[in-house]
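I'd like to walk you through one structure, so let me put it up on the screen.

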Amino acid sequence: MTQSDTLRRIVLMLPALVAILLLVGAPLGLMGWVSLLEKGTTAGVDWGSAPSIGNYQRLVWEEDFDGTLILNTNYLVIFLRSVLQAAVTTLLCLMLGLPVALWMASLSPTGRAVMLLLVTIPFWTNLLVRNYAWLIILREGGWLGMAVDALWPFGPVQLLYNDVAVAIGLTYSFLPFMVLPVYSVFEKFDWRLVEAAHDLGATRARALRRVILPVAMPGILAGSLLVFIPCLGAFVTPALLGGGKTLMLGNVIQMQFGPSRNWPFGAAISVVLLAVMLLAMTALALWRNRRSA
Amino acid sequence: MAETNTVTIRGVSKAFGRGDAAVRVLHDVSVDIARQEFFTLLGPSGCGKTTLLRLVAGFEIADSGSIRIEGQDVTHAPPFRRPVNTVFQNYALFPHLTVEQNVAFSLEEQRLPRDQIRQRVGEALEMVRMQTYARRRPSDLSGGQQQRVALARALAPRPKLLLLDEPLSALDLKLRKEMQIELKQLQAEAGITFLFVTHDQEEALALSDRVAVMQGGRILQMGPPREIYEAPTHRFVADFIGDINLLDGEATGGGVRVAGGQTLPVQVSRPGPVTLAIRPERARLVAAGTGVMDATLVHSAYLGTATLHKLQLASGGDFLIRQSDPVQAAPEKGSRVGIALPTDALQVLQE
C-alpha cells in the first residue's frame, strides 16, 4: 500500500470518525469526567472540584457521622430489583413475541406486511401517552380492573402502582423489539428443516425444541438484548405505573439529574449501569462464540 | 400372507387450493414398489412426481386413495410415524449441528442408548466415507459432501424405504455421475427400497430397476428403463426420453403408410391416423432409393463415438440418424439419401 492510499483511507474515514468521536465518545467521556466531580451549590456540577471516586463509593458505602464507612444496600437493592424487573419483562416479551413472530412468518406476503405495520404502529405514539393509556386501563374502575374484580372472588385487586403494573407496561412498550428480530430470523427460516426433523422422527414439540429454537437463537438473543438493556434504564413506565413506590435504576438516575441536582452522582450510576451492560454483553458474545466454535 | 411390496399406492389423488382455484396435481395414481427395488418417478417439473413423494413421506396427505408401507396403512400417518426417511433436494441439513449430530438426530429421537448411537453414526458415516468430517458443520462442507451427510442421516435409522427428492440436481455434472454410481452401490449394500424422483431422464435410465414417467399428475408409462426407452407407448414418453423421430402415418389393413413414403409392415389394431416413433440410432442411412423414403442431408456432426446426421424429409420435417459406424464416410451435405427403418425398431404411439 502506497502512502497516498493510506492518506486516502484516513480522509475517507474522517467523517465517520468525527461523528463517532463527537456523538458517542465525547458525551461518554464527559459523563465519566462528571462522575468524578462534586455536585455544585447552585448548578448540577462543581466544575472546579478535584476528581475523586467518592460518588462511586456512595453507591455502596455511607459515611457515618464520625467518618467511618458503613454498608448502604439501598442502591444495591434498587439495582437488583431493576435487573429482576428487566429480566421478567424480557421473559414475558419472549413468551409473547416468539409465537407472534412464528405466526407472522407463516403468513402470506401481504399478511406479513400488515402485521409488521401493526407491530410498529405503537411507535408512532408518544411513550408517555401510551403509559397514560395503561394507567386508565389498570386504575381502579378501569375496564381491566373491573373485569378482574368480577372474576376474582377475594375482594378488589390493586392492579396499578406495583411491580406487576410496571412489568405489564414495560412488556407492552418493548414487545416490538422482541418480535422484529425474532421475526427476521423466522422469515429467512428454511421450513424444510422442520420437515426433515419430522422425517427423522421428531414430533412437533421436539422439532420446535431441537430445530426451530436453536436456529432462531441469534434472533432470540438479539431481541432479548434489545428488550433487557433499555428496560434496565427505563424510568417513564416505573414512575407512572409503579407510582414512584418501586424505584428502578432509571428513576434514580433521573432524580439525580432532576430534583436532586446531583449530576456527578447520577453520572456515576450511569457509568456503573453501562459497565454492567458491557460485561453482560461480552459474556454473552463469548458464550455464543464458544458454542458455535 | 407376507407382503412382497414395500410401497402400495392405490388410487391416490391430490389437489392444492380450494374451490374453483383448486389445482389437481395427482389423478388417481396407483404404484407398487417391490422390496429392494430402485424405483424412479421421472417427469418434467409440475408433473406431480414430487407431490407423490411427499405423500409417501407424509408431508402431504392424499385427498383420496390409500398408501401402505410394508403392509401398514400410513395414508393419514404423520411423517414421524412412518418407517421412511428422505434425502431432500437441498439436503436440509441442520445448520446448528455438526455432521455427527445431524446423523445422530433420528437415533436420539428413538432414544437409543448412547454407545449404540455412536456406533450407528460411525457406520452411517463410514458408508458414505465421511468419518473424518464428523465434527464439522454443514456450512464447512462442499455440495457433494453435504449430499453424503444427508444420505448418511437418512440411512442411520435404517428405514424400510428411502425417498430421494432430486438429490443430485444441485451437483455439477462430474460429481453427479460419481454420486450416481455411489447411490446404486449404496442401495445394493444397504438392501433398502429406493423411491427416487428426478427430471433427468439419463439419470433415471442409469439408476433404476423400474421407471414411471409422469405427466400432468398421471403415470403414462411404467417399466424397466430399456422398455421405457425402446418401447415408449406415448408420444410424450418418447419425446421426453432421449432423441426420437416421429413420423405421421395412416394405418391401413396392410400396415402403416408413412406420409410421402412406403407402407411399412407394422401391426396396428385399428385403421386411422397414427404416429410412428424410431430412435436415431435405430434408423440407418442408405443410398437414395433403397430405403423406406428419401431425404436431403442437411448437416452431419461428428460426435466422437458416433456421427449425427440431420435430414430433411419431403414433408418438411426433420429426421435424425445417429450412426455409430466410424469407418463409413458421411455423404456430402445437400445430397439425396435414403432412410432404412427396421420394422422391429418402430413404435406405434398413443397421443
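First, the housekeeping. This is a predicted model, so local features need pLDDT of at least 70 and side-chain atom pairs count only at pLDDT 80 or more, while totals for chains, interfaces and linings use all residues. Residues are numbered from 1 along each chain as its sequence is written, chains are lettered from A and ligands numbered from 1 in the order in which they are written, and side-chain values use heavy atoms, with hydrogens and water left out.

Who's touching whom? Counting contact as heavy atoms within 4.5 Å, you get 20 residues from chain A and 21 residues from chain B. There are also nine residue pairs in polar contact across the interface, both at pLDDT 80 or more. A polar contact here is a pair of N or O atoms within 3.5 Å; within protein, one must be able to donate a hydrogen and the other to accept it, and residues adjacent in sequence count only if both atoms are side-chain atoms.

In chain A, α8 (192–199), α9 (204–232) and α12 (263–292) each supply at least two residues of the side that touches chain B. The largest share, seven residues, comes from α8(A). Helices are DSSP runs of H or I, at least four residues, and strands are runs of E, at least two, numbered from the N terminus.

Now, salt bridges, meaning a side-chain nitrogen of Lys or Arg within 4 Å of a carboxyl oxygen of Asp or Glu. The structure holds 21 of them over all chains, and four are between chain A and chain B. One to look at is A:Arg210 with B:Glu109, at 2.9 Å, N to O.

What about within chain B? B:Arg148 and B:Glu182 form a salt bridge at 2.8 Å, N to O. That one links helix α4 (residues 143–155) to helix α5 (residues 173–190), with the partners 34 residues apart. Are those two buried or exposed? B:Arg148 counts as buried because its relative accessibility is 13%, and B:Glu182 is buried too, at 18%. The cut-offs are under 20% relative accessible area for buried, over 50% for exposed, and partly exposed in between, with a 1.4 Å probe and protein chains only.

Next, B:Arg35 pairs with B:Glu70, the closest N and O atoms being 2.9 Å apart. B:Arg35 is partly exposed at 43%, and so is B:Glu70 at 23%.

Last, the backbone. B:Gln36 isn't a glycine, yet it has a positive phi of about 60 degrees; this residue lies in the loop between β2 and β3 of chain B. B:Tyr91, also not a glycine, has a positive phi of about 70 degrees, and at 5% relative accessibility B:Tyr91 counts as buried.
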